[in-house]
Amino acid sequence: MRDNVILEKISKGDEKALDYLYQKYYKMMTHLVLKNNGTEQEAKDIYQDALIVFWQKVISNQLVLTSKISTYLYSICLNLWRKELERKSKLSHEQKDEALYIDQETDERSRIIRECIGQLGDTCKKILMYYYFDDMSMQDIADKLGMANTETVKTKKYKCKKRLDSLIKAKYSESDFLD
Amino acid sequence: MKDFIYTEKFDNYLKGKLEPDDRSSVEEEIRQDPLLLQETSLQKDIYQVLGAERRLLLKSRLDKVAVNTGSLMNFTGAQWAAILGSVLLITSAGYYGLVNFQEKDTEIAKVDIVSQEEISAKSQAEELPHVPLPVYNEKEPDDAGLMASTQDKLAVVAMPKAVEVEGRVNQENKAIPKIVLPDIMTEFEEEDQTIDYSDFNAPDKTLLEKSEAISSGLAIETIADQRYDFHYQMIDQKLYLYGDFQGIPYKIISLNRNERKQLFLKFQDDFYNLNQEQIEVVPLDLIQDSTIIKALRALSH
């Protein structure tokens, strides 16, 4: 598959194109981490993260590619792995304790939100994720989910978001949760 | 406040897509309204968790994609089936081949016994059947023919056992198989001996299996960048050479080593390794291994 075909498919939200890219460059990209003191798991994580960054940029039309996809992916992997190595080296014991305290509080809040997202229907989850994370246009969401038009998507998205907010707020009183 | 968080403007604020002026005005609005401030904090968390959930979904999807890591554990079911099939096929072929070979050997052995009986009936004096000896040229070899004579003997000794037994079976009725050997040249023309190989060192077999000196269709660009003196990088099968080469010719040599093509740069009698996956600009790496240098010299001339 040629690069321009892949880009076109991804911009329409075709996840099979992502699978194809993942398979095609797996060895090349993970090799970069493996030869720089990374484990197999770290290499896989970095490559997957890089692909998701790429996916997000293409799908939200934020990317004007001037090189081959492989070159671009390689540079993302390189940057992500450098950041990871920096993060590892900077993480002293004191910082770890502090991070643990903050994480516990944030984790609890995240857990509740995750739980409420899980209570939404499949279509609601998809609409919210495609809209907020993938930054897909209403038209692309309509095409992907087989909806009649953009107005249908807009209404559905509004309802789904309101439902999610009310589910989260129902778990806690506003003062408990937001303070 | 409640309606504002469901507007497109607020969504764009969460996504970081607002223009600086719009962003400032939204932030000012948030600062002035404590309830909106709390709500924004919650909405930012929801936005983060939605993103994290989507990432997880994509990652779990990618985890299911079969990838080639070079490990046996990563073969798919179909690949395993193909391997198993091949093994069975080879094993079966080997088994039938062995059975056929043993059957043939048994047949010959049976005939051999019969012939021995016949022989013993015909000649009581002989305890053992005659084994046909290879027929050599009775003529004494001269010095020049010594090599040829030795090779004749070796060729007969190296004959398959089956032929030898067959010869024994048929010794009375059939003619001994005639072995035709090629003429061996024992003298060389004067011209052939004039080539001087003294300066040539044959490269190690494992090092150089099949080599070629080529320009390999590799696109090359030299860049006079003061930051990088004698550096290089490879992007999309294109070699970028950094530094002042002063117009002196250089050469790219491709060497097939351990079934892998390696590229080298020859410049002013020195050789440098070129890693084809080197995307970043790095200094040229001088080759110091004398074996590789010899091989590269042989190729570059």
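Residues are numbered from 1 along each chain as its sequence is written, while chains are lettered from A and ligands numbered from 1 in the order in which they are written. Because the model is predicted, local features need pLDDT of at least 70 and side-chain atom pairs count only at pLDDT 80 or more, whereas totals for chains, interfaces and linings use all residues; side-chain values use heavy atoms, with hydrogens and water left out.

**Exercise 1. Describe the helices and the burial of chain A.**

Solution. 
Step 1. Chain A has 9 helices and 0 strands; helices (H or I, at least four residues) and strands (E, at least two) are DSSP runs, numbered from the N terminus.
Step 2. Of the 179 residues in chain A, 40% are buried. Buried means under 20% relative accessible area, exposed means over 50%, and partly exposed lies in between (1.4 Å probe, protein chains only).
Step 3. Among the contacts in chain A with a separation of 6 or more, 61% are between residues 24 or more positions apart. Contact means heavy atoms within 4.5 Å.

**Exercise 2. Locate the disulfide and state its handedness.**

Solution. 
Step 1. A disulfide is a pair of cysteine sulfur atoms within 2.5 Å. A search of the whole structure finds 1 disulfide over all chains.
Step 2. The partners are A:C124 and A:C160, with sulfur atoms 2.0 Å apart.
Step 3. The torsion about their S-S bond is about -80°, so the disulfide is left-handed.
Step 4. A:C124 lies in helix α6 of chain A and A:C160 in helix α8 of chain A, so the pair ties together parts that are 36 residues apart in sequence.
Step 5. Both cysteines are buried: A:C124 has 12% relative accessibility, and A:C160 has 1%.

**Exercise 3. Describe the extent and composition of the interface between chain B and chain A.**

Solution. 
Step 1. Chain B gives 38 residues to the contact and chain A gives 47 residues.
Step 2. The area buried between the chains is about 4200 Å², and carbon and sulfur atoms give 61% of this area. Buried area is the accessible area (1.4 Å probe) that two parts lose on being put together, summed over both.
Step 3. In chain B, the residues that lose the most area to chain A are B:Y6, B:R54 and B:L62, together 17% of what that side buries.
Step 4. The rule finds 20 residue pairs in polar contact across the interface, both residues at pLDDT 80 or more. A polar contact is a pair of N or O atoms within 3.5 Å; within protein, one must be able to donate a hydrogen and the other to accept it, and residues adjacent in sequence count only if both atoms are side-chain atoms.
Step 5. The elements that give two or more residues to the side of chain B that touches chain A are α1 (8-15) and α3 (34-63) of chain B. The largest share, 21 residues, comes from α3(B).
Step 6. The residues of this side divide into 16 nonpolar, 7 polar and 15 charged. Here Ala, Val, Leu, Ile, Met, Phe, Trp, Tyr, Cys and Pro count as nonpolar, Asp, Glu, Lys and Arg as charged, and the others, Gly among them, as polar.

**Exercise 4. Identify salt bridges that join the two chains.**

Solution. 
Step 1. A salt bridge is a side-chain nitrogen of Lys or Arg within 4 Å of a carboxyl oxygen of Asp or Glu. The rule finds 13 salt bridges across the interface.
Step 2. One of them pairs A:D19 with B:R61, the closest N and O atoms being 2.8 Å apart. A:D19 lies in helix α2 of chain A and B:R61 in helix α3 of chain B, so the pair joins two chains. A:D19 is buried at 15%, whereas B:R61 is partly exposed at 27%.
Step 3. A further salt bridge links B:K17 and A:D135 (3.0 Å, N to O). B:K17 lies in the loop between α1 and α2 of chain B and A:D135 in the loop between α6 and α7 of chain A, so this pair also joins two chains.
Step 4. A network of salt bridges links A:E15, A:D19, A:D134, A:K144, B:R54 and B:R61.

**Exercise 5. Describe the surroundings of A:D134.**

Solution. 
Step 1. A:D134 is in the loop between α6 and α7 of chain A and is buried, at 0% relative accessibility.
Step 2. Not counting residues up to four places away in sequence, A:D134 touches A:W55, A:Q56, A:I59, A:S60, A:M129 and B:R54.
Step 3. The side chain of A:D134 makes a polar contact with the side chain of A:W55 (3.4 Å).
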